[in-house]
Amino acid sequence: METENRETGRAEKSSAGSGQQESAGGLWDSVKKAAFVIGSGILFLAAFGNSLTWHLQRFWGASGDFWQKLWTKVYLQFEGHDAALFFLGTMLAPTLVFWMLNGLLLLVDTSGKPSFITRYRIQEGRNDPVDPAKLRQAVRTVLFNQVLVSGPMVVLVYLLVSRTGRPCGPELPTFHRGLMELAVFSMLEEILFYYSHRLFHHPSLYKHFHKQHHEWTAPIGVVSIYAHPLEHVISNMLPVVIGPVLLGSHITTTSVWYCLALVSTTISHCGYHLPFLPSPEFHDFHHLRFNQCFGVFGVLDRLHGTDSRFRQTKQYERHTLLTSLTPLTHSIPETPKKGQ
């Protein structure tokens, strides 16, 4: 209990410091930096878009007919039932992907086997194995959020997208269109998640809403959407769904994006820095220290200086793609404390 109180106190103190830093920076500073990120992203896409996609387009051209024929079969099966098709594609498919990945991770978290995987645990000695009672509570909350929060929100997204486009149309989007939309979705997610996440760290909101998510100072994959329902809507769902709504995206692009977002957030929370997978060190450090690393990609954290302490740590040195089988906690060990 004392440990929990200390962690809560640290979180609220850190949140207070974060709120003071935000007010010091000012709204205008945040707007200028966000505009810089958006503008840089547009310039990057304009400068490198054609050369980046040329080789991939050749692959798509060779297989595009296959995917179009496959989609046509699905489309004809659901002809006249666009709402049902949209719900299955943007709710059922991402949910299956989420639980398939997290089912594998939960086997490791609860059993500690295979030991080959546990060697890559970021916070050594934590969740070894995970507390069953704490895990059951998290799973219940995740299921509640998926069924009673995400489900209705997907219905709302369908109604909105249907006003700006034809999400279940018979023609698949071109490869260039799909890639462009995914890039826009990623930029919008970085911006909206960063600022909404920092908002929930304000002391007046943190203790009522975001504190629930930070009960896990050493996160596991399934707690990626373990959150208060209000936070789940504003900080988890909104940054992901806003892109497809604004662009009137096709269901296939939207479904792929939702799956990618769920896989990405699961990896960020999984607690293991596994070979050949994106590094989760950035967000794991956020759960450990509370007042650093608020974003998804770290772009806005660098601009706002909310990764300054992270960049002075061993976790930052390990924040890279692991291309060998040696755990980074072994190849980049913690600096021994004085007297040891």
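I began with N127, which sits in the loop between helix 4 and helix 5 (helices, H or I, of at least four residues, and strands, E, of at least two, are DSSP runs numbered from the N terminus). The model is predicted, so I noted that local features need pLDDT of at least 70, that side-chain atom pairs count only at pLDDT 80 or more, and that totals for chains, interfaces and linings use all residues. Residues are numbered from 1 along each chain as its sequence is written, and side-chain values use heavy atoms, with hydrogens and water left out.

I read a positive phi of about 55° at N127, which is not a glycine. N127 counts as buried at 17% relative accessibility (buried is under 20% relative accessible area, exposed over 50%, partly exposed in between, with a 1.4 Å probe and protein chains only).

I then looked up C293, in the loop between helix 10 (281–289) and helix 11 (299–304). C293 is not a glycine either, yet has a positive phi of about 60°. Its relative accessible area is 0%, so C293 is buried.

Next I turned to peptide bonds. Most peptide bonds are trans, and most residues other than glycine have a negative phi. I found a cis bond between K113 and P114, with omega about 0°. P114 belongs to the loop between helix 3 (82–111) and helix 4 (115–118). D128 and P129 are also joined by a cis bond, omega about 0°. P129 is in the loop between helix 4 and helix 5 (132–164).

Last, I checked confidence: the protein chain has a mean pLDDT of 85 (pLDDT is the predictor's confidence in each residue, from 0 to 100).
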